[in-house]
Amino acid sequence: MSQPLPELPASLHAQRQDNIAILRLNRAQKRNALNDEIVIGLENFFTKLPDDIKAVVLHGAGDHFSAGLDLSELRTHSVTESVFHSRSWHNAFDKIEFGRVPVVTVMHGAVVGGGLELVAATHVRVAERSTFYALPEGIRGIFVGGGGSVRIPRLVGVSRMMNMMLTGHTHSAEEGQAMSLSHHLVDNGAGLAKGIELATKIAANAPLTNFAVMHALPRIAEQDRSSGYVMEALMAAIASGDEAAKQRVTDFLEKRAPKVSHQ
Ligand code: 1HE
């Protein structure tokens with residue numbers, strides 16, 4: 001019997017589809033601006049995800065994925081409170097990036113500020129053509145605080161991030177696709193179905209492969225070459241030594257598994 005999904009505040013909504021959880025930012029009236037309730041809710045959700053969930057699809061209600069940080073919260077913070085507020089986002093988004101299962105994000109409309117920081121912590125990104133990306137921190141007199149300066153340069157480079165933050169330059173869905181902000185570009189309204197299709201494929205992978213891709217790959221990529229080769233060799237041996245891998249390889253060799261194809 002399937003286990004219940006973690007309880008969520010009204011600003012988040014989750015439902016199960018087989019072994020996938022579909023999680024929605026559910027604050028359309030405030031353009032899914034990320035307040036403490038949502039950030040703590042995200043952390044709670046990804047920490048307590050039941051074992052039988054193998055992938056998550058994250059999307060947003062209304063016309064925009066997310067307007068970023070809820071600016072009404074910022075107004076009242078002291079410097080010290082802002083430091084701990086930023087650290088709370090780091091903790092929550094780390095639970096996503098280095099959690100138990102891969103997360104596919106479906107983006108549309110504004111993916112702005114903290115919204116872009118959030119999607120940068122997810123593993124596969126789908127953009128509908130309405131998507132646009134911005135880092136308006138410069139205009140607002142603030143700086144990224146949700147891990148953006150760590151994650152976004154790894155996607156688009158320091159130079160592009162500087163331009164976005166200093167000038168308020170926005171990037172279209174098509175530009176975002178060329179810059180690795182998204183991996184899949186689809187028509188408006190087609191994002192969720194694409195996200196579910198991708199999450200279903202991911203959920204069917206061998207669990208150790210998903211683990212290695214989420215946890216070993218990004219760390220190997222940050223190591224020096226010689227340490228990276230050793231960690232890769234160990235991870236490869238562990239993954240291929242697992243019964244799930246042996247079965248999949250046998251299935252291919254005995255013509256029971258599909259070939260790789262490109263449409
Ligand atoms: C908000 C927020 C918000 C909307 N915090 N309340 N983020 C920004 O600088 C982006 C600010 N938002 C916008 O530029 C626009 O709202 C959008 C382009 C995203 C959407 O425009 P639109 O015309 O569809 O909506 P709206 O009329 O601007 O907003 C609807 C309501 O949401 C309105 O409230 P209402 O009470 O008047 O109905 C807005 O005030 C409210 N709203 N965005 C609070 N962000 C960890 S550090 C991260 C640093 C950052 O994220 S900086 C980027 C902040």
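**Exercise 1.** Which residue forms a salt bridge with Arg151, and how far apart are the closest N and O atoms?

*Solution.* Keep in mind that this is a predicted model.
Step 1: find the partner. Arg151 forms a salt bridge with Glu97.
Step 2: read the distance. The closest N and O atoms are 2.5 Å apart.
Step 3: check the cut-off. A salt bridge needs a Lys or Arg side-chain nitrogen within 4 Å of an Asp or Glu carboxyl oxygen, so the pair qualifies.
Step 4: Arg151 sits in helix 6 (residues 148–156), Glu97 in helix 3 (residues 79–97), so the bridge ties together parts 54 residues apart in sequence.

**Exercise 2.** Are Arg151 and Glu97 buried or exposed?

*Solution.* Arg151 is buried. Glu97 is buried too.

**Exercise 3.** Which parts does the salt bridge between Glu174 and Arg129 tie together?

*Solution.* Step 1: start with the contact. The two side chains meet in a salt bridge, 3.0 Å from N to O.
Step 1: locate the ends. Glu174 belongs to helix 8 (residues 173–178), and Arg129 to the loop between strand 6 (124–128) and strand 7 (132–134), so parts 45 residues apart in sequence are tied together.
Step 2: check accessibility. Glu174 has 39%, so Glu174 counts as partly exposed. Arg129 has 40%, so Arg129 is partly exposed.

**Exercise 4.** How many salt bridges does a search of the whole structure find?

*Solution.* The search finds 12. One of the bridges joins the side chains of Arg256 and Asp251, at 2.8 Å from N to O. Shared partners also link Asp94, Glu97 and Arg151 into one network of salt bridges.

Notes:
Residues are numbered from 1 along each chain as its sequence is written. This is a predicted model: local features need pLDDT of at least 70, side-chain atom pairs count only at pLDDT 80 or more; totals for chains, interfaces and linings use all residues. Side-chain values use heavy atoms; hydrogens and water are left out. Helices (H or I, at least four residues) and strands (E, at least two) are DSSP runs, numbered from the N terminus. Buried means under 20% relative accessible area, exposed over 50%, partly exposed in between (1.4 Å probe, protein chains only).
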